[in-house]
Amino acid sequence: MKAPIKYPLIFLLLLGAIYMLSKIYFHIQYEKDFNKKLVTIPEFEFMDIYSKKAITDKNLKEGTPVLFIYLNTECHFCIDETQIIRENIKEFRNCQIVIVSIEEPDILVKYAENYNLKGLDNLFFLYDKDLKFEEIFGESPFPSSFVYGKKGKLSKIFKGKPRMDDLLKQINK
């Protein structure tokens, strides 16, 4: 009686294991292929929260490092990163900072004002109204930071709150 139950159960377990291994393999392949797209600054178009105009990769200065930050105004790690960047803004003077969020522009304007980010020459604060950031940059928790060097090549991706010295090290490479 036990043998007829045992064999189908073993078969189902093997089938499940094969399925899980194939999912893991294809996910790893997807990540590798996707990361190849991020080797240089990808094409993007998001809306400036102040002017309501489209800002694209073409608006970035060539020959200058770029720091992309994907954040949410209610995320405490995002708030910490924003505060640390603002407190150390002089360290970022030779870098373009592009902050992107899916939240409505009026919320983002208040956030930028609370952290004295408005009017900084090297900072774009952008609204992702079409939810394209993750399509362009991949799955990204809040906060996620993408550092591109002077030649527009990807230097480092930070998923979660980065240490400021690690961030500055990548920017100043």
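## The largest pocket

The lining of the largest pocket splits into 3 nonpolar, 5 polar and 6 charged residues. The model is a predicted one. In total, 14 residues line this pocket. Nearest its centre lie Ile41, Asp57, Leu60, Glu62 and Gly152. The space inside comes to about 240 Å³.

## The cavity

How many cavities of 30 Å³ or more does a search of the whole structure find? The search finds 1. The largest cavity holds about 40 Å³ of space.

Its lining consists of Ile69, Leu71, Thr82, Ile85, Ile97, Ile99, Leu117 and Leu123. By class, these residues are 7 nonpolar and 1 polar, with no charged residue. Helix 2 and strand 4 (96-101) each give at least two residues to this lining.

Strand 1 (residues 45-48) runs antiparallel to strand 2 (residues 54-56), and 3 bridges join them. Across this pairing, Phe46 faces Ile55 in strand 2. The hairpin of strand 1 and strand 2 has 5 residues between the strands. In this hairpin, Lys52 adopts a positive phi near 65°.

Strand 1 also pairs with strand 5 (residues 123-127). This pairing is antiparallel too, over 2 bridges. Here Met47 stands opposite Tyr127 in strand 5.

## Strands 6 and 7

Strand 6 and strand 7 form an antiparallel pair with 5 bridges. Ser145 sits opposite Phe158 in strand 7. The hairpin of strand 6 and strand 7 has 5 residues between the strands.

Gly152 belongs to this hairpin and takes a positive phi near 80°. Gly152 is also among the residues nearest the centre of the largest pocket.

## Helix 5

Which residues of helix 5 (residues 164-171) are buried? They are Met164, Leu167, Leu168, Gln170 and Ile171. These residues lie on the same side of helix 5, because they cover an arc of only 160° around the axis. An α-helix has 3.6 residues a turn, so residues three or four places apart point the same way.

What do the buried residues of helix 5 pack against? Their partners are strand 3 (66-70), helix 2 (76-87), strand 6 (144-148) and strand 7 (154-159). Two of these partners, strand 6 and strand 7, are the antiparallel pair described above. Helix 2, another partner of the buried residues of helix 5, also contributes to the lining of the largest cavity.

Conventions
Residues numbered from 1 in each chain as written. Predicted model: local features only at pLDDT ≥ 70, side-chain atom pairs only at ≥ 80, totals over all residues. Heavy atoms only, no water. Buried < 20%, exposed > 50% of the residue type's maximum accessible area, 1.4 Å probe, protein only. Helix = DSSP H or I, 4+ residues; strand = E, 2+ residues; numbered from the N terminus. Arc of directions from axis to C-beta. Contact = heavy atoms within 4.5 Å. 1 Å grid on protein atoms, 1.4 Å probe; cavity = no way out; pocket = protein on both sides within 12 Å on 5 of 7 lines; lining within 4 Å. Points joined across faces, edges and corners; volume = space filled by probe spheres on them. Nonpolar A, V, L, I, M, F, W, Y, C, P; charged D, E, K, R; others polar. Pairing = 2+ DSSP bridges.
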